[in-house]
Amino acid sequence: HKDEHSLIKENFDYLILNSNRTGAIQEAQNKDFEIAILDDGFQDYKIKKDLNIICFNSNFEGNGFVIPAGPLRENLNSIKNAQIIIINGYKNLRFEKKILEINNKIDIYYSKYKAINYDKFNQKELLLITGIGNPENFLELLNKHNLKIAKKYIFPDHYVFSKDEISNFINEARKNSYQIICTEKDYHRIKKHCVDEIDFLRVELVLEKKETLIKKIQDIYD
C-alpha cells in the first residue's frame, strides 16, 4: 500500500517492493543486506524465517476465526511457530495465559502509542478523518489527551481520498472553525492534494523492556 511505503521510506534507508517475497529477499541478498524484515510475512511458509514476531492489540478478544469470519490472519495455534509476541496497550493476563497455553516458550512484551505533538491541537475543535485498520487506537489516544473531536469521518483501511472529498472536508472545517486532524499514515495518502489546512497527530511506539527485546533479537543474529 502506497501510504505505508511512503511512511517507511521516510524512516528507513532502503525499502524493497516486490509482489513476490522470495524475489525481494533475493534482491536484498544481491545488494549485500544481512537482514531482511518482512511485513506480514508470518503466513508465508515458503520462506524459512529466523525470527517470528507477532503483534496483537491488548483488547483482542476474537472469536477464534480467521478473516473474514474473525479478526485473525491465521489460526491462533500458529503462535507455536513464533518466538516473540508484542501486545499493544494495557496488560492482558487472560490473553497472556491463552498465548502461553499454546507456546510456553514464547516471550511476551508490551508496547503503547505515545502522542508527540498533541499540544498543538489543544483548545481546538477537531474534524477527524481517517482510514486505518484499527481507528479505535487512534480515538483512544485523542481522548487520552482530552482533545475535542467535534466531527469524525471513519473510512476503511487504506481508503483513497479523492480531491473533492478533501475539498469538502476543508470547506466544512472552515465553516465551523474546525481543525482537521488525521493519522500520519492517512496524511501520506492525502498530501498530494492541497493539505495546508490538514495536520496529523505524530505518534511513536514505546516498548516496555525495550533493551531486553533488542538483546533477544541481537542474540539470534550474533
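These are my notebook entries on what I looked up in the predicted model shown above.

**Entry 1: ground rules**

I number residues from 1 along each chain as its sequence is written, and for side-chain values I use heavy atoms, with hydrogens and water left out.

**Entry 2: the whole chain**

I find 7 helices and 8 strands in the chain; helices (H or I, at least four residues) and strands (E, at least two) are DSSP runs, numbered from the N terminus. The C-alpha trace spans about 55 × 45 × 35 Å along its principal axes. Of the 222 residues, 36% count as buried, where buried means under 20% relative accessible area, exposed means over 50%, and partly exposed is in between, with a 1.4 Å probe and protein chains only.

**Entry 3: the core**

Which residues have the most contacts inside the largest nonpolar core? I noted Ile-129, Ile-166, Phe-169, Ile-180, Ile-190 and Ile-198, in a core of 14 residues; such a core is a set of buried Ala, Val, Leu, Ile, Met, Phe, Trp, Tyr and Cys residues joined through side-chain atoms within 4.5 Å. Strand 4 (125-130), helix 5, strand 6 (179-183) and strand 7 (198-201) are the elements that give two or more residues to this core, and helix 5 gives the most, with 4 residues. I keep in mind that in soluble globular proteins nonpolar side chains tend to be buried together.

**Entry 4: aromatic rings**

I searched the whole structure for aromatic pairs and found 9 of them. Rings of Phe, Tyr and Trp (its six-membered ring) pair if their centres lie within 6.5 Å, and planes under 30 degrees apart count as stacked, over 60 as edge-to-face and the rest as tilted. The rings of Tyr-153 and Phe-169 have centres 5.0 Å apart and planes at 45°, so I list this pair as tilted. Tyr-153 lies in strand 5 and Phe-169 in helix 5, so the pair ties together parts that are 16 residues apart in sequence. Is Phe-169 buried or exposed? Phe-169 counts as buried because its relative accessibility is 6%, whereas Tyr-153 is partly exposed at 23%.

Phe-155 and Tyr-159 form a stacked pair, 4.4 Å centre to centre with 20° between the planes; Phe-155 is buried at 18% relative accessibility, and Tyr-159 is partly exposed at 23%. Tyr-153, Phe-155, Tyr-159, Phe-161 and Phe-169 form one aromatic cluster.

**Entry 5: salt bridges**

How many salt bridges does a search of the whole structure find? I have 13, a salt bridge being a side-chain nitrogen of Lys or Arg within 4 Å of a carboxyl oxygen of Asp or Glu.

Glu-101 forms one with Lys-97, with the closest N and O atoms 2.7 Å apart. Both residues lie in helix 3 (residues 93-102), 4 residues apart, about one turn of the helix, and both are exposed.

The side chains of Lys-216 and Asp-107 also meet in a salt bridge, at 3.2 Å from N to O. Lys-216 lies in helix 7 (residues 210-221) and Asp-107 in strand 3 (residues 107-115), so this pair ties together parts that are 109 residues apart in sequence. Lys-216 is partly exposed with a relative accessible area of 28%, as is Asp-107 with 24%.

Another salt bridge joins Asp-157 and Lys-185, at 3.9 Å from N to O. Asp-157 lies in the loop between strand 5 (148-154) and helix 5 (163-176) and Lys-185 in helix 6 (residues 184-190), so the pair ties together parts that are 28 residues apart in sequence. I also noted that Arg-21, Asp-44 and Lys-46 are linked in a network of salt bridges.

**Entry 6: helix 4**

In helix 4 (residues 135-144) the buried residues are Pro-135, Asn-137, Phe-138, Leu-139, Leu-141 and Leu-142. Asn-146, which follows helix 4, has a positive phi, near 55°.

**Entry 7: an exposed isoleucine**

Where is Ile-37 placed? I located Ile-37 in the loop between helix 2 (21-30) and strand 1 (53-57), and Ile-37 counts as exposed because its relative accessibility is 76%.

Terms used: This is a predicted model: local features need pLDDT of at least 70, side-chain atom pairs count only at pLDDT 80 or more; totals for chains, interfaces and linings use all residues.
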